[in-house]
Amino acid sequence: MVIDYKRYPQPRTRHHTNPQFYLPASQLQVLPAHYPPLRDQISWAELFARDHSPNALDIGCGWGSFLMNYAELHPECNVLGIETRQPPTEWINGVISGEKIDNAHALWYSVANGLGFIPTSSVQSVFYFFPDPWFKKRHLKRRAFTQDFLAELHRVLQPDGRLYLMTDVPEVDAYQMEVLLSSGAWDVQLIEHDNEWIPVRTDHEEHCQRLGFPYVRRLCTKRQ
């Protein structure tokens, strides 16, 4: 997709947000200011031209380049991006509106609170790319990739649905593999060739390719 981004100046914002935003609301005695809204249900007709729940989830969608490009490539799908930071979601939705991309939306939300608003067995693809590594041991609790998170993905994915993972941090890949294997609910395949992967690239993936930085791609399918 070719977008004249000069029409959509990005707001200045920090790469990271309040660390508490990565924790479930149930673990916080008091919700901090600007904590992402909790969601019990969503009126999909307000987000997508096609009045149905999303077919694809882009979790941690950042500034939405992958989200919008994937939506353009798959006009038959509703694609929902989820992002913890509010300014990027507002900016993305401004671009989506200006470019009339009627099958994409960015949701300001923390996946630490689950995906209860997504119907069971409704999603074909989930993308979880280049998450914050949270290296320090005391910060590991902020990683979204947990058994509860995987259980939610297993629930919302269709029987033939796929979970796509990508990271340039070996420690994160090892951690995610440990969680996946201990769950016993997923088959995991290492992807080494571009023709085995989706044709849309994220900005960070293109950055790694330009500079020759290694990164890992894994394709996960749910066991029945």
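Is Asp 173 buried or exposed? With a relative accessibility of 12%, Asp 173 counts as buried; here, buried means under 20% relative accessible area, exposed means over 50%, and partly exposed is in between, using a 1.4 Å probe and protein chains only.

This is a predicted model, in which local features need pLDDT of at least 70 and side-chain atom pairs count only at pLDDT 80 or more, while totals for chains, interfaces and linings use all residues. Residues are numbered from 1 along each chain as its sequence is written, and side-chain values use heavy atoms, with hydrogens and water left out.

## Charged pairs

Side chains of opposite charge can pair when their charged atoms come close. A salt bridge is a side-chain nitrogen of Lys or Arg within 4 Å of a carboxyl oxygen of Asp or Glu, and the whole structure holds ten of them.

| Salt bridge | N to O distance |
|---|---|
| Glu 83 and Arg 85 | 2.9 Å |
| Glu 152 and Arg 155 | 2.9 Å |
| Arg 218 and Asp 173 | 2.7 Å |

Let's return to Asp 173, whose side chain meets that of Arg 218 in a salt bridge. Arg 218 sits in strand β7 (residues 216-222) and Asp 173 in helix α4 (residues 170-183), so this pair ties together parts that are 45 residues apart in sequence. Helices (H or I, at least four residues) and strands (E, at least two) are DSSP runs, numbered from the N terminus. Arg 218 counts as buried too, at 15% relative accessibility. Elsewhere, salt bridges with shared partners join Asp 194, Arg 201, Glu 205 and Arg 217 into one network.

Glu 152 is buried, at 19% relative accessible area, whereas Arg 155 is partly exposed, at 23%. In the remaining pair of the table, both Glu 83 and Arg 85 are buried.

## Nonpolar cores

In soluble globular proteins, nonpolar side chains tend to be buried together. A nonpolar core is a set of buried Ala, Val, Leu, Ile, Met, Phe, Trp, Tyr and Cys residues joined through side-chain atoms within 4.5 Å. The largest one has 32 residues, and those touching the most other members are Leu 80, Phe 117, Ile 118, Phe 145, Leu 163 and Trp 186. At least two residues of this core come from each of β1 (56-59), β2 (79-83), β4 (123-129), α3, β5 (157-167) and α4. Apart from this core lies another, of 29 residues, including Ala 56 and Trp 197.

## The largest pocket

On a 1 Å grid over the protein atoms alone, a pocket is an open set of points where a 1.4 Å probe fits, with protein on both sides within 12 Å along at least five of seven lines; lining residues have an atom within 4 Å of a point. The largest pocket contains about 850 Å³ of space, a volume being the space filled by probe spheres set on the points. Its lining has 40 residues, and Gly 60, Gly 62, Glu 83, Phe 129 and Phe 130 are the closest to its centre. Helix α4 gives the largest share of that lining, three residues.
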